[in-house]
Amino acid sequence: MQFRMLGPLQMYDDRRRAATELTSPLQQRLLKALLAHPNTLVPASVLVRELWGGRPPHKAGNALQAHASRLRRAMERAEPGGPGAARLVARDAGYLLRVGPEELDSARFRLGVRRARALAGSDPEEAGLLLRQALSRWRGDALAGPRGPAGDALAVVLEQERLGALEAVFDLSLLTGQHRRIVPELREAVLAHPARPRFREQLGRALAGPRVTPPPAGGGRALRPVPPAPGDARSGGDGAGSGELDRLRALVERIASDQHALRSAIAQLSELVGRTAA
């Protein structure tokens, strides 16, 4: 079975090709907290805070035990005939979730990213394909839905890793001359993550269009731009191409201006909230 965290939490049975989602918000919080510490004993007191924060119910230990039992049964239903009953273990006033690295989509994603980065220097095109394959595992926001502090922290880490992999994809695409292909993706990334300046810089490079060639196999020379071919829209020699380039540059400038205005508004709002709180 796979525990899918790169999107809404799912338990996926590879044999039946069936996904199971937990309908109970508290069971979602519990499983996410356990997945944040796989194969590690998580104290019951920590799990109580994950489920109920600072307002636990009367006899919180008994309530936690009941939710853990329901979660265990849900895992058994998600993987008929599998080790569901043995996965969630109660031990020493805490709980431990037994899960292998191959059963976590986050671990598979990280493995794909590591392989791609190791290959980037010698075969950037293949590295880019591996990164895109790794990113294809994402189905939405990490651990979307109800979660406690541990789930929140894990979601932040996973999202930062996703954005880092996406930046690496764009760098490799620019390195291999795929500027036009990634312009729509970069526009989307800039709008979705205005606080991430790397995407804006990459969009500017993609719109400018100079390709870069990698250094020779044994050399240490810096990457150098490849001049555009005559008649290429990037050379500025074609009127229509030059006009399109000017339009796209203006778009980048407008996006940057909008982001500056957004940051100013956020700063003003923060100042206002601070004065109100005082």
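**Notebook: helix packing, sheets and a pocket**

I began with helix α5 (residues 105-119) and α6, which pack at an angle of about 170° with their axes 8 Å apart. Axes here are lines fitted to C-alpha atoms, for helices over the stretch in contact, and angles run from 0 to 180 degrees between N-to-C directions. Angles over 145 degrees count as roughly antiparallel, so α5 and α6 are roughly antiparallel to each other. Helices (H or I, at least four residues) and strands (E, at least two) are DSSP runs, numbered from the N terminus.

The model is predicted: local features need pLDDT of at least 70, side-chain atom pairs count only at pLDDT 80 or more, and totals for chains, interfaces and linings use all residues. Residues are numbered from 1 along each chain as its sequence is written, and side-chain values use heavy atoms, with hydrogens and water left out.

I then listed who meets whom, with contact meaning heavy atoms within 4.5 Å. From α5 I noted Phe 109, Gly 112, Val 113, Arg 115, Ala 116 and Leu 119; they meet Pro 124, Glu 126, Ala 127, Leu 130, Leu 131, Ala 134 and Leu 135 in α6. By class, this contact has ten nonpolar, one polar and two charged residues. Ala, Val, Leu, Ile, Met, Phe, Trp, Tyr, Cys and Pro count as nonpolar, Asp, Glu, Lys and Arg as charged, and the others, Gly among them, as polar.

Next, the sheets. Two strands pair if DSSP finds at least two bridges between them. β1 and β2 (residues 10-13) share three bridges. Arg 4 has Gln 10 in β2 as its bridge partner.

I found another open, antiparallel sheet of three strands, ordered β4-β6-β5. β4 (42-43) and β5 (88-90) are at the edges. β5 and β6 (residues 94-97) pair over three bridges. Val 89 has Leu 96 in β6 as its bridge partner. Helix α1 (residues 25-35) packs on this sheet and touches β4, β5 and β6. The direction of α1 makes about 70° with that of β6.

Last, I looked at the lining of the largest pocket. Which helix gives the largest share? α8 does, with four residues. α6 (124-135), α7 (149-175) and α8 (179-192) each supply at least two.

Conventions: Parallel < 35°, antiparallel > 145°, perpendicular 65-115°, else oblique.
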